[in-house]
Amino acid sequence: MMERFEAAVHRAGVKLTPQRIAIYREVARRDDHPDIEAIFRNVRREQPSVSLDTVYRALALFSGLGLVTMVRPRGYNVRFDANTNPHHHFVCTRCGATLDFEYRDFDALRIPESASALGRVDSRHVELRGLCARCASGSGPAATAKAANNAHHQRGTSSHRAHITKK
Ligand SMILES: [Zn+2]
Ligand SMILES: [Zn+2]
């Protein structure tokens, strides 16, 4: 994964700084789709001079290079995902946990004309919503007011949406 990262950064003619390496490694080593604050908090331990702005700009750069994607669970901060294999997400409406799963039938979803008329479809991403196993069993973290409100409106429902990428 790091080789691919270094090759892509090198190809783009971007300088490979220790801070950028640490930021990418932090996203890549985690599977919980950390938000920018969480990435910043951990990277700062290793790179004490890193700023939130540097983290933000590095993630925007990686996103432009296709190395990370931004995940936007409704009602939660943007999170970052270094898993570039086709996959889908389960989002917990109570704690915001965003979990990966793979399912080939979703990868191959037929695109209706109403969507293809909007632009060229390059990828499909299905987001399922509900309660994660921890929250469903009552052992999840205490819900914040915002998340609780969110869950109140969405509990028991699961919806999906496909992302259309226009290039
Ligand atoms: Zn949860
Ligand atoms: Zn993911």
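The model is predicted, and local features need pLDDT of at least 70, side-chain atom pairs count only at pLDDT 80 or more, and totals for chains, interfaces and linings use all residues. Residues are numbered from 1 along each chain as its sequence is written, while chains are lettered from A and ligands numbered from 1 in the order in which they are written.

Of the 167 residues in the protein chain, 23% are buried; a buried residue has 20 or more other C-beta atoms within 10 Å of its own, an exposed one 12 or fewer, and a partly exposed one a count in between, with C-beta atoms placed from the backbone. Contacts are pairs of residues whose C-beta atoms, placed from the backbone, lie within 7 Å. Among contacts between residues at least 6 apart in sequence, 60% join residues at least 24 apart.

Helix H2 (residues 18-29) illustrates the packing of one element. Its 12 residues reach 16 Å from the first C-alpha to the last, close to the 16 Å expected at 1.5 Å a residue, the expected span being 1.5 Å times one less than the number of residues. Arg-20, Ile-23, Tyr-24, Glu-26 and Val-27 are buried in H2. Seen down the axis of H2, these buried residues fall within an arc of 155°, so they line one face of the helix; the arc is that of the directions from the helix axis to the C-beta atoms. The cover over them includes helix H1 (2-11), helix H3 (36-46), helix H4 (52-64) and strand S2 (79-81). Exposed Pro-18 and Arg-29 lie on the face of H2 turned away from its buried side.

The strands can be followed through their pairing, for which DSSP must find at least two bridges between two strands. Strand S3 (residues 88-92) runs antiparallel to strand S4 (residues 98-101), joined by 4 bridges, and Phe-90 stands opposite Leu-99 in S4. Their hairpin has 5 residues between the strands, and Gly-96 takes a positive phi near 85° there. S3 also pairs with strand S5 (residues 127-130), in the parallel sense over 4 bridges; Val-91 stands opposite Arg-129 in S5, and Cys-92 opposite Gly-130.

Notes
Two residues are in contact if their C-beta atoms, placed from the backbone, lie within 7 Å. Helices (H or I, at least four residues) and strands (E, at least two) are DSSP runs, numbered from the N terminus.
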